[in-house]
Amino acid sequence: CVPHVDGQGNPAGFFMLCVDVTDRARLEERLNDLATRDPLTGALNRRAFLERAESELDRCSRDGAPLSFVIVDLDHFKKVNDTWGHAAGDEVLKTLAETCRSVLRPADAFGRFGGEEFVALLPDADADDAADIAERLRRLTEESEIATPEGVIRVTLSAGYTTALPGDTPDDLVRRADAALYESKRSGRNRVTRA
């Protein structure tokens, strides 16, 4: 705001310059989404998820609160792509992401680590809470029928979960939950295993 004076030096008003930053704000939001989100599913990408995990581990450690980590992987997903095509496979991934979001709490973080592997960080959740969430995800996935132009697809998932221990890093959580996930796969798939 700049004052304006007339020819005699008397105040005559103000000049004001207004700039609409709506487009710029939208662009910044879009760029942030591109940098932190998986474009297909809307889940956090690996980097953004691990940053969130680091901060939640610190917070839970300070507060003495539990924190759990779940990793899920679609069973035989290559068969989905090979049988029905990649577009149908994308629909399966989007449906799994929607199912995960429907089960997770607002405070939970949800990410896609790549391919058909998704992760969830559960602040203030102990092992029983994590087991319940992982089992609901498994059951809902098994019960879902995914309609695609190529037909209805049914899939299952395997899951592994762990609860944070003192001094854990995000990599520790990933390593333990991943080992539990692979135990679920070795034990016949479509199951949940605790690390």
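Is Glu-143 buried, partly exposed or exposed? Select Glu-143 in this predicted model: it is partly exposed, with a relative accessible area of 47%.

Arg-139 forms a salt bridge with Glu-143, and their closest N and O atoms are 3.8 Å apart. Both residues belong to helix H5 (residues 127-143), where they sit four residues apart, about one turn of the helix. Arg-139 is partly exposed as well, at 33% relative accessibility.

Next, go to helix H2 and select Arg-52 and Glu-56, which are four residues apart and so separated by about one helical turn. Their side chains meet in a salt bridge (3.6 Å, N to O). Arg-52 is partly exposed, with a relative accessible area of 28%, whereas Glu-56 is buried at 11%.

Now select helix H6 (residues 170-186). Its 17 residues reach 24 Å from the first C-alpha to the last. Buried residues in H6 include Leu-173, Val-174, Ala-177 and Leu-181. Among the elements covering the buried residues of H6 are helix H2 (46-63) and strand S3 (67-74). Just after the helix, pick Gly-188, which has a positive phi of about 120°.

Finish with helices H3 (residues 77-84) and H4 (residues 86-103). Their axes are 7 Å apart and the helices pack at an angle of about 140°, which makes H3 oblique to H4. To see the contact, show Phe-77, Val-80, Asn-81 and Trp-84 in H3 against His-86, Ala-88, Gly-89, Val-92 and Leu-93 in H4. This contact has six nonpolar, three polar and no charged residues.

Terms used
Residues numbered from 1 in each chain as written. Predicted model: local features only at pLDDT ≥ 70, side-chain atom pairs only at ≥ 80, totals over all residues. Heavy atoms only, no water. Axes fitted to C-alpha atoms, helices over the stretch in contact; angles between N-to-C directions. Helix = DSSP H or I, 4+ residues; strand = E, 2+ residues; numbered from the N terminus. Parallel < 35°, antiparallel > 145°, perpendicular 65-115°, else oblique. Contact = heavy atoms within 4.5 Å. Nonpolar A, V, L, I, M, F, W, Y, C, P; charged D, E, K, R; others polar. Expected span 1.5 Å × (residues − 1). Buried < 20%, exposed > 50% of the residue type's maximum accessible area, 1.4 Å probe, protein only. Salt bridge = Lys/Arg side-chain N within 4 Å of Asp/Glu carboxyl O.
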